[in-house]
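Me: I'm new to this one, so please pick a single part and take me through it closely. Start with whatever I need to know to read it, and then show me how that part connects to the rest.

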Amino acid sequence: MSEKTIREYVDDYIKYYPEKWRWSLKNSIEQSERYMETRARKSKDFYGTNNDLLPDFYSIERDAEQFELSYVEWTDFFGLIWEGKKGIHAMVGAPNYEGNLYYYGEENDYNEAGYRVSYEYDAYKNQPPEEVFSRVKWCGVNHWIDTVNAKDIVYKYVVENHLFKDTHIELFYDDGEMIRVYADYQPLVDGLYRQGRMDLLEKVFKSMNEHFIKLRDSDREEEREFYPGKTAEEMFLGDK
């Protein structure tokens, strides 16, 4: 059986951690007002990340597990109610200090998410080759996507939203695989242009221009305001 062709590498992904807990202040006006009034747990630091003085939930989590609880409400010394939920989705982070990348194998093949670690490529010194892969980023994750071997491309959009909100691009391959790309399309366009895939660019630009024209000719003023005033070719290629 031939090995699956790798179409995408990533430097991070979301994993489900069934044993971990997530804690947050109970969502209510009363609790928000109490927190603002007391400022009891507010960090004294003025700069940096969130350094609020949160409770130590460790013993509460252990106690909840004795009774097989997956949800807890706990009131601290200041009358602030904290909600704890067991089982969270979180980013896994880099697999090692070298920053090796992940790729998707078969489900249950390497771990429950189906991801393996690539020791061929990393995020620093040895990234996937530009003549095959285009690097794009969304939701804080870098994706190296095989664009040179894509056989088809589709741009999908919703006119009712602003320019590129709720849009995405789908890349299709001969083996039936499909990869969806979100957010900033400039790196994807740059990669396709660098690789000489003008056939794919022409198709995606045609769909984008149809989107732009629908915005321009919309009966709704709020939609017409999102018309970019230029073609997709002018927006993404400039003077190339």
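Reply: Let's start with one term: a residue is buried when its relative accessible area is under 20%, exposed when over 50%, and partly exposed in between (1.4 Å probe, protein chains only). With that rule, 38% of the chain's 240 residues count as buried. This is a predicted model, so local features need pLDDT of at least 70 and side-chain atom pairs count only at pLDDT 80 or more, while totals for chains, interfaces and linings use all residues. Residues are numbered from 1 along each chain as its sequence is written, and side-chain values use heavy atoms, with hydrogens and water left out.

The chain has six helices and eleven strands (DSSP runs numbered from the N terminus: H or I of at least four residues for helices, E of at least two for strands). The part I'd pick is the loop between β1 (8-10) and β2 (14-25), where Asp11 sits.

Asp11 is buried yet has no salt bridge (a side-chain nitrogen of Lys or Arg within 4 Å of a carboxyl oxygen of Asp or Glu). Its nearest side chain of opposite charge is Arg135, 5.6 Å away; for charges, Lys and Arg are positive, Asp and Glu negative, and His and the chain ends aren't counted. What Asp11 does have is a polar contact, side chain to side chain, with Asn142 at 2.8 Å (N or O atoms within 3.5 Å; within protein, one able to donate a hydrogen and the other to accept it, with sequence neighbours counted only if both atoms are side-chain atoms). Setting aside neighbours within four places in sequence, Asp11 also has contacts (heavy atoms within 4.5 Å) with Gly93, Ala94, Leu101, Tyr102, Val141, Asn142 and Trp144. For the whole chain, residues 24 or more positions apart make up 57% of the contacts with a separation of 6 or more.

Now for Tyr13. Aromatic pairs are rings of Phe, Tyr and Trp (its six-membered ring) with centres within 6.5 Å; planes under 30 degrees apart are stacked, over 60 edge-to-face, and the rest tilted. The count comes to 18 such pairs. Tyr13 and Tyr115 make a stacked one, 4.0 Å centre to centre with 15 degrees between the planes. Tyr13 lies in the loop between β1 and β2 and Tyr115 in strand β6 (residues 115-122), so their pair ties together parts that are 102 residues apart in sequence. Tyr13 is buried too, at 6% relative accessible area.

Glu19 is exposed at 53%, whereas Lys86 is partly exposed at 24%.

Elsewhere, Arg220 and Glu223 meet in a salt bridge at 2.9 Å, N to O. Here Arg220 is partly exposed at 38% and Glu223 is buried at 5%. Across the whole structure, the search finds 15 salt bridges.
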